[in-house]
Amino acid sequence: MSRKSEGIEGKWQKIWRERKVFEVDINPKKKKCYVLEMFPYPSGKLHVGHVRNYVIGDVIARYKRLCGFNVLHPIGWDAFGLPAENAAIDQGVSPSVWTEQNIASMRHELSLLGISYDWSREIKTCSSSYYLHEQKLFLKMLQKDLAYRQESWINWDPVDKTVLANEQVVDGRGWRSGAVVEKKKLHQWFFRITRYANDLIESLNNLHKWPEKVRIMQKNWIGRAKGVEIKFEVHGISEIIDVFTTRPDTIFGCSFIAIGCDHYLVKRYLDTPNVKAFVNKCMALKNEEIDKTKLGLFTGLYGVHPFCAEKKIPIYIANFILSDYASGAVYGCPAHDERDYEFAVKYDLEIVRVIESNSSKLPHIESGTMINSKFLNGMDNELAKSVVTERLIKEKLGKERVVYRLRDWGISRQRFWGCPIPIIHCNDCGIVPVPLEQLPVTLPDQVTIAKGNFLESCAEWVNTACPLCKKSAKRETDTFDTFFESSWYFLKFCSKDSKTLINEKDCNYWMPVDHYIGGVEHAVLHLLYARFISRVMIDCGYTSVPEPFDHLLNQGMVLHHTFKDSDGNFIYPEDVVMQEGGRKSKSSGKVVYKSDGLEKMSKSKKNVIGLDYIVKQYGADTLRLYVLSDTPPEKDVQWVTEGVEGCSKFISKLFSLAEVFVKQDCVHARPDESLLILCNGIVKNVSYAIEQSKFNNAIAYLRTLCNEISDRVNTNFTSTTKECFVTLIKMFNPFIPHVTEEIWNMLGHDDILALDDVWPKVNIDSALINSKVKIAVQINGKTKGIITVPLNADQECVKTEVRNDEKLKSWLIYKEAKKTIFVPNKIINFVL
């Protein structure tokens, strides 16, 4: 840690804590700003890979506070879940003990960073005071028919031994365990998220401050498709199959109908050993095998073509048809669809081309002119879609329909460490909600758990009395999907009152969250569920805010090399030492090898840097400055020790400058107009950069101002120099709060910088704000573009502007400049 900064971090953290600087209440006289990082899972000790999103949130919160906003910046713990349960099983302890220990450890580590949290609002989702309200919300949803129980095919994780929602299956594998997911049929609880599908997809257009990538991911996951549901008579029996298609133009190329294994025709007419064996075979396939293996079984039934009564179309049971998507039946046009073509070739089915093409290659999936299609011949196939649809509707052979890929959210989990579902099963009364006065239903205490649905074995807990008939009954032994807890926690932060589910007045003041920071991996899990539950809250009469998050920022990862010893074992970076002859392990003395590439910091690969270790070595402000300095927040950042040391030296430089202003009076009384011009421009640029989440740009501008002030101290030390230094310290406060509070104090201020509405104002009336220059950007001596930068901007500031220019940055992506020639206010030349 820097000698000058040593000891000040604990000092200022204590002051902030004792004076309750960051505790906040509703203040109608102030504009509000709600800043929130996705709350952490208490998995153990923090490392620097975790730090970035918390620091990003804190910079925004501190900046807004300095700008005079009433800032809510809370913290809590997403504390239920499989990791705690699995760790408890391995260690033979209670999940609650393991969780509480980790929360205490992580709470301490977060406090080391000086994050401006309102700790008075801290929540833990495993606390009964929290999930009491979740159980009440569930019962309200049950009343509104937004929750229901049914038997269905589910995704089963054979390692974690629990059900997974569709959103938790990634490439056919469990999102946590990585195990190949299986299919099982179980009675499960569901939320009717599909009831809100259209609103969820339409409202994405209003989320202008969300990354486009996330909006596209949600749109694709919800998967709205407009098409036609066509009635096919089944030849020889009095039945009609409703078949959905988005390509009615290819109706005359139809050569088979495929139905799902659970289709009513299978149950009603095809109850044979042969069909049962095929269905069992399909259900035994793993999710990833379904994509690779197309299986079909001819039923012996035929559909009658709606426009050609003489044409009989074979009906197959197929493993790739989802029974709960649309009508659970599709028709195949092999000539113009890749999946249909593969199936038709495998089962030797007719292939009829109905869209003209210059190529004989099939399938042909492009647009074109209709052929072999009777009354459609000669039409463009897009026109043919509407013509077929109109005719089907007119002849009452079909109707337009919109369907969604999104399925209802399966919320049952066969695990212990989760919120109990407040339901009782009675042989006489059926499914009975637990009365409100008996809530919360809590988990049994002091038990040694095992894998699987452990609650089933807790007889004393399971066996109870029916609230209606008072006879013996049993509790529901499934627990809620932990994404339920995280789908409404941001609402709970709005109020300190733990006795109510939601305080509408508080929510109406604070919501929506103005700045939400977290990983893109939650795009179709947490973020979609949170948007759904926010709509549920409106329908249940709790709030009036449909979209919970206004501005979403997905932070990049922190990358680091991995290290292995001569036996191939991963080792921690702290255990590596450079000796004569190469790297060695300090603990074992074995030779150590460093990876060529970079990987995400991961405890499993031990390429993590402990948070407490770095704070002890360099200080929290050094770490905060480093993780935001060189890379845009949405991009990955490489951990380089030399870069950390550079940030530490810069902080020492700030202290040295402060000591000059404390000990030495200005030499010249006259104003330094050029420094004022630069400072005023940088105030504008830093403010804009923070507002746009370009924190690396803001830091580059601040370094430029610092360098200019440092030069003036030695050459033109005026009252303006100190004035601009005070401005610099104010603007650096969100990034390095401990250091700037100390310097603020050194400069004779008794107040706390973090409390004041002191963010520097831009002199809009002055021509100073417009003092910019155009600089030529050259690559190997050839001009490639012109950029505009503040007058007297230094080399690092100009480099930052070049990297942010869409046209110029491509020159520097793949090659590192061997040399940079810089002439201030005129030219920068990169020699590659």
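I'm counting a contact as heavy atoms within 4.5 Å. The model I have open is a predicted one.

**Whole protein**

I started with the overall numbers. The protein has 832 residues, and buried ones make up 56% of them. I looked up the secondary structure next and got 25 helices and 36 strands. Along the principal axes, the C-alpha atoms fill a box of roughly 105 × 75 × 65 Å.

On charges, I have 110 positive and 103 negative side chains down, and the centres of the two sets lie 1 Å apart.

**His-561**

Where does His-561 sit? I found His-561 in the loop between strand E26 (558-560) and strand E27 (563-565).

Buried or exposed, I wondered about His-561? Its relative accessibility is 13%, so I put His-561 down as buried, the cut-off being under 20%.

I went through the neighbours of His-561, leaving out residues up to four places away in sequence. That gave me Lys-594, Ser-595, Asp-596, Gly-597, Leu-598, Asn-607 and Gln-638 as the residues it touches.

Two of these names came up again when I checked polar atoms of the His-561 side chain. One such atom lies 2.9 Å from the backbone oxygen of Ser-595. For the backbone oxygen of Gly-597, I noted 3.2 Å to a polar atom of that His-561 side chain.

Technical notes
Residues are numbered from 1 along each chain as its sequence is written. This is a predicted model: local features need pLDDT of at least 70, side-chain atom pairs count only at pLDDT 80 or more; totals for chains, interfaces and linings use all residues. Side-chain values use heavy atoms; hydrogens and water are left out. Helices (H or I, at least four residues) and strands (E, at least two) are DSSP runs, numbered from the N terminus. Buried means under 20% relative accessible area, exposed over 50%, partly exposed in between (1.4 Å probe, protein chains only). A polar contact is a pair of N or O atoms within 3.5 Å; within protein, one must be able to donate a hydrogen and the other to accept it, and residues adjacent in sequence count only if both atoms are side-chain atoms. Lys and Arg count as positive and Asp and Glu as negative; His and the chain ends are not counted. The place of a charge is taken as NZ of Lys, CZ of Arg, CG of Asp or CD of Glu.
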